[in-house]
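Welcome! Have the view open and follow along.

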Amino acid sequence: MSEEGKVDERMQDALGILFEQFWVLRTEQPVVYQKIREREHQLKRYVTEKFGFDMIVHQHFIKLEKLPVDPKPWMGIQAFTEPMDYAIFCCALAFTESKSVDEQFLLSHITEDIQEMYPGDLPLDWTNYRHRRSLVRALKQLNELKLIRAVDGDVDLFATNETEEVLYEVSVHARYFMRSYPEDLFNYETMEDILTSEWSRQKEDERRKRVYRKLMFSPIVYRESNDDPDFAYIRNLRNRLADEFEKYTPFRLEVFKNAAMLVLPEQKQRYTLFPNQKGVTSVALHVADHIRKLNLSVNEMGEIRITMLEFERIVEAVQLEWGSGWAKQYREDSPKKIANELVSFLLEWEFGYVETHSGILVIQSGFGRATGYYPEKFVKEIMNQ
């Protein structure tokens with residue numbers, strides 16, 4: 001096999017970096033940039049054929065244009081806390097794209113332009129602390145993405161004093177942040193319109209690309225109906241898919257009656273994994289084990305439906321039995337508080353959801369693949385306390 005055709009650990013690392021990072025900047029990660037350049041053609045061929053993604057290789061950066069089948073909450077900018085942050089961020093982007101590379105500007109200049117461009121029903125008011133905090137979050141994100149650079153001053157001070165000044169400089173990357181779209185952005189009215197237009201470019205092998213994207217971007221891919229075509233594709237081609245993912249990534253494909261997922265046999269720091277070291281994870285694993293022993297009614301999709309009160313009682317029972325080994329917070333918190341946090345945890349990892357019309361908690365089959373228990377020696381120690 002030619003050197004280009006080989007899939008080694010460095011190739012897997014390069015692909016993992018492209019998926020995990022927004023982009024790779026040559027000035028920030030020269031070694032990584034070169035690693036990807038050396039495998040450029042093989043990587044481009046793989047992500048185009050399997051995912052339908054564009055891989056942009058520029059003299060200053062490399063970027064994989066990633067679009068999901070279904071947007072997930074974790075795909076947003078985690079530092080942002082409200083829609084205003086995104087609106088200000090986009091206005092700031094428009095400002096930087098109008099500037100030349102290395103052109104300098106003051107914080108007061110960009111705040112004036114953002115006020116003029118801001119699309120909200122109510123105007124921005126920089127004497128309003130909430131508005132200033134939103135601007136600070138947006139500008140810090142621009143700085144983190146290396147779209148601008150603070151030359152002098154600290155934007156955090158603006159949060160407490162609207163007269164504070166910061167001198168910024170526009171980077172070479174500023175005008176490459178936004179991806180190109182099949183049509184003018186003004187032609188789209190909703191997020192769904194943008195996603196639909198993406199599939200108009202992927203008419204060839206659309207099913208395969210949908211499946212690859214789902215598996216790579218979702219903790220778990222569920223069978224959504226008896227005739228779910230995407231899940232049928234996974235089940236029918238599971239061996240081929242497994243071979244492909246094991247060849248190009250460190251992941252292993254597991255397929256069950258109602259769920260499919262990529263699992264990582266060995267911990268790798270680059271990826272966000274379940275289980276992790278957070279205290280709520282230990283609680284979740286104990287609750288999963290307890291629910292399995294209850295023999296609750298399971299529907300055809302492998303789901304368990306319970307009320308929030310029933311879930312709270314389950315948490316209370318688990319806390320009484322195993323809580324002495326939990327982190328201090330969960331030893332002391334009320335069952336109701338723990339249950340609410342666990343529901344958020346289930347939603348985050350796609351282990352469950354809450355029905356909007358009934359308020360019923362639906363625990364999905366993926367949570368049934370998790371379990372947790374203490375070693376026998378530890379059990380004896382806490383029982384003797």
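What is the volume of the second largest pocket? In this predicted model, the second largest pocket has a volume of about 370 Å³. Its lining counts 20 residues, and those closest to the pocket centre are G302, I304, S365, G368 and R369. By class, the lining of the second largest pocket holds ten nonpolar, seven polar and three charged residues.

The largest share, three residues, is supplied by α11.

**Helix α11 and its partner**

Let us stay with α11 for a moment. Two packed helices are described by the angle between their axes and the distance between the axes. Helix α11 (residues 279-294) meets helix α12 (residues 308-322), with axes that come within 10 Å and cross at roughly 110 degrees. An angle of 65 to 115 degrees counts as roughly perpendicular, so α11 is roughly perpendicular to α12. The crossing of α11 and α12 is right-handed. On the α11 side, the contact is made by H286, V287, H290, I291 and L294. On the α12 side, F311, I314, V315, A317, V318, E321 and W322 take part. Sorted by class, this contact of α11 with α12 has nine nonpolar, two polar and one charged residues.

Now turn to helix α1 (residues 9-20) and helix α3 (residues 40-51), which pack at an angle of about 55 degrees with their axes 11 Å apart. That angle makes α1 oblique to α3. The crossing of α1 and α3 is right-handed. Helix α1 brings M11, A14, L15, L18 and F19 to the contact, while α3 brings Q42, L43, Y46, V47 and F51. How many charged residues does the contact of α1 with α3 have? There are no charged residues in it, but nine nonpolar and one polar.

**Backbone details in the loops**

Finally, look at the loops, where some backbone angles deserve a visit. The table lists three of them.

| Site | Backbone feature | Value |
|---|---|---|
| F274 to P275 | cis peptide bond | omega near -5 degrees |
| D102 | positive phi, not a glycine | about 70 degrees |
| N295 | positive phi, residue other than glycine | near 55 degrees |

Where do these sites sit? N295 belongs to the loop between α11 and β10 (304-306). D102 is found in the loop between α4 (83-97) and β4 (104-106).

Key
Residues are numbered from 1 along each chain as its sequence is written. This is a predicted model: local features need pLDDT of at least 70, side-chain atom pairs count only at pLDDT 80 or more; totals for chains, interfaces and linings use all residues. Side-chain values use heavy atoms; hydrogens and water are left out. Axes are lines fitted to C-alpha atoms, for helices over the stretch in contact, and angles run from 0 to 180 degrees between N-to-C directions. Helices (H or I, at least four residues) and strands (E, at least two) are DSSP runs, numbered from the N terminus. Angles under 35 degrees count as roughly parallel, over 145 as roughly antiparallel, 65 to 115 as roughly perpendicular and the rest as oblique. A crossing is left-handed if the near helix is turned anticlockwise from the far one by less than a right angle, and right-handed if clockwise. Contact means heavy atoms within 4.5 Å. Ala, Val, Leu, Ile, Met, Phe, Trp, Tyr, Cys and Pro count as nonpolar, Asp, Glu, Lys and Arg as charged, and the others, Gly among them, as polar. On a 1 Å grid over the protein atoms alone, a cavity is a set of points where a 1.4 Å probe fits but cannot get out, and a pocket is an open set with protein on both sides within 12 Å along at least five of seven lines; lining residues have an atom within 4 Å of a point. Grid points are joined across faces, edges and corners, and a volume is the space filled by probe spheres set on the points.
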